[in-house]
Amino acid sequence: VFLNCRIKSGQHMSEHPHSSDNDLLQLISAVAEFPVELMENTATCTFRLDSRDLLGASALVQQNSLVFADQLLCITGIDNGKEVNTMEVIYHFASITRNLIFSFNILCRRDAPQIASLSSLWQSANWLEREVFDMYGIVFTGHPDLRRILMPADWSGFPLRKDYQAEETYHGIPIAGPENH
C-alpha cells in the first residue's frame, strides 16, 4: 500500500505487490512543515527530514496503521567535520507487522548540535540517544536523563568527533593511543 523500502526478508518493496515509491514520502510530507527528501543510494529507504519535523514524523510512523514502526532499532551519529559544520543523526526503524525497515536522516549544526528526543515514543531511544550524546555531543532536548553512558562522567570531549584530541592521561593514568598498540 505504501513505501519503496527494503523488506526484512531481503526482497525490495518494489517487488511487493502493494507498493509505490512515494506513498510513505507523501504521508511524512503531509505532517512536515519543511521539505522531506527521499535519499538515493542508501542501503535502506532513507528520508532526510528537517530536525524540527522529527518528533511529528516519528509519531506518525509509529502510530499510523499503514506503517506502524514499532521498533527504533538504532541511532547513528555522524560528524561531517568543521569545514561542513554539520552533524547527522540517522534513526533506523522497523515495523514487525509490516515487515519494513527504513531510516530518517537529520542534519544539525555542528557548533550547536541539538535534536528533539524520541524517548517519549520509544523506550529504546533513551540509551541510544545517550550513546550518541556521549560520543558526539549532540544534545537531545526533552531527554529524561541525558548524561554520559560509555565514558566516565568527567571525560573531556566527544571521542567520535573528527577533531577530538585525546588527553594523555585520565586522573594520572596514561591513556594508550594508537601509537602504543
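Start by selecting phenylalanine 68, which sits in the loop between helix 2 (54–63) and strand 4 (71–79). Helices here are DSSP runs of H or I with at least four residues, strands are DSSP runs of E with at least two, and both are numbered from the N terminus. You are looking at a predicted model, where local features need pLDDT of at least 70, side-chain atom pairs count only at pLDDT 80 or more, and totals for chains, interfaces and linings use all residues. Residues are numbered from 1 along each chain as its sequence is written, and side-chain values use heavy atoms, leaving out hydrogens and water.

Stay on phenylalanine 68 for a moment. Its phi is positive, about 45°, although the residue is not a glycine. Is phenylalanine 68 buried, partly exposed or exposed? Its relative accessibility is 34%, so it counts as partly exposed. The scale is this: buried means under 20% relative accessible area, exposed means over 50%, and partly exposed lies in between (1.4 Å probe, protein chains only).

**Helix 2**

Now select helix 2. It is mostly covered, with 7 of its 10 residues buried. Among them are Leu54, Ala57 and Leu60.

**Strands 4, 5 and 6**

Next, colour strand 4 and strand 5 (86–95). These two run antiparallel and are joined by 8 bridges; strands count as paired if DSSP finds at least two bridges between them. Find cysteine 74, and you will see histidine 92 of strand 5 opposite. Strand 4 and strand 5 make a hairpin with 6 residues between them, and glycine 81 in the turn has a positive phi of about 95°.

Follow the chain onward to the next hairpin, formed by strand 5 and strand 6 with 4 residues between them. Which residue stands opposite serine 95 in strand 6? Leucine 100 does. The pairing of strand 5 with strand 6 is antiparallel, over 10 bridges.

Click on asparagine 99, in the loop between strand 5 and strand 6 (100–109). Asparagine 99 has a positive phi near 60°, though it is a residue other than glycine. At 28% relative accessibility, asparagine 99 counts as partly exposed.

Strand 6 itself is largely enclosed by the rest of the structure, because 8 of its 10 residues are buried. Strand 3 (residues 45–49) pairs with strand 6 in the parallel sense, over 5 bridges. To see this pairing, show phenylalanine 47 and its bridge partner in strand 6, phenylalanine 104.

**The nonpolar core**

Keep those two side chains on screen. A nonpolar core is a set of buried Ala, Val, Leu, Ile, Met, Phe, Trp, Tyr and Cys residues joined through side-chain atoms within 4.5 Å. The largest one here has 36 residues, and those touching the most other members are Ile28, Phe47, Tyr91, Phe93, Phe102, Phe104 and Ile115. Helix 1 (23–31), strand 3, helix 2, strand 4, strand 5, strand 6 and helix 3 (125–136) each supply at least two residues of this core. In soluble globular proteins, nonpolar side chains tend to be buried together.

**Helix 3**

For your last stop, select tyrosine 136 in helix 3. With a relative accessible area of 11%, tyrosine 136 is buried. Leaving out residues up to four places away in sequence, tyrosine 136 touches several residues (heavy atoms within 4.5 Å), including Gly77, Met87 and Phe158.

Finally, pick aspartate 134, also found in helix 3. Aspartate 134 is buried, with a relative accessible area of 0%. A polar atom of its side chain lies 2.6 Å from the backbone nitrogen of leucine 150.

Methods
A polar contact is a pair of N or O atoms within 3.5 Å; within protein, one must be able to donate a hydrogen and the other to accept it, and residues adjacent in sequence count only if both atoms are side-chain atoms.
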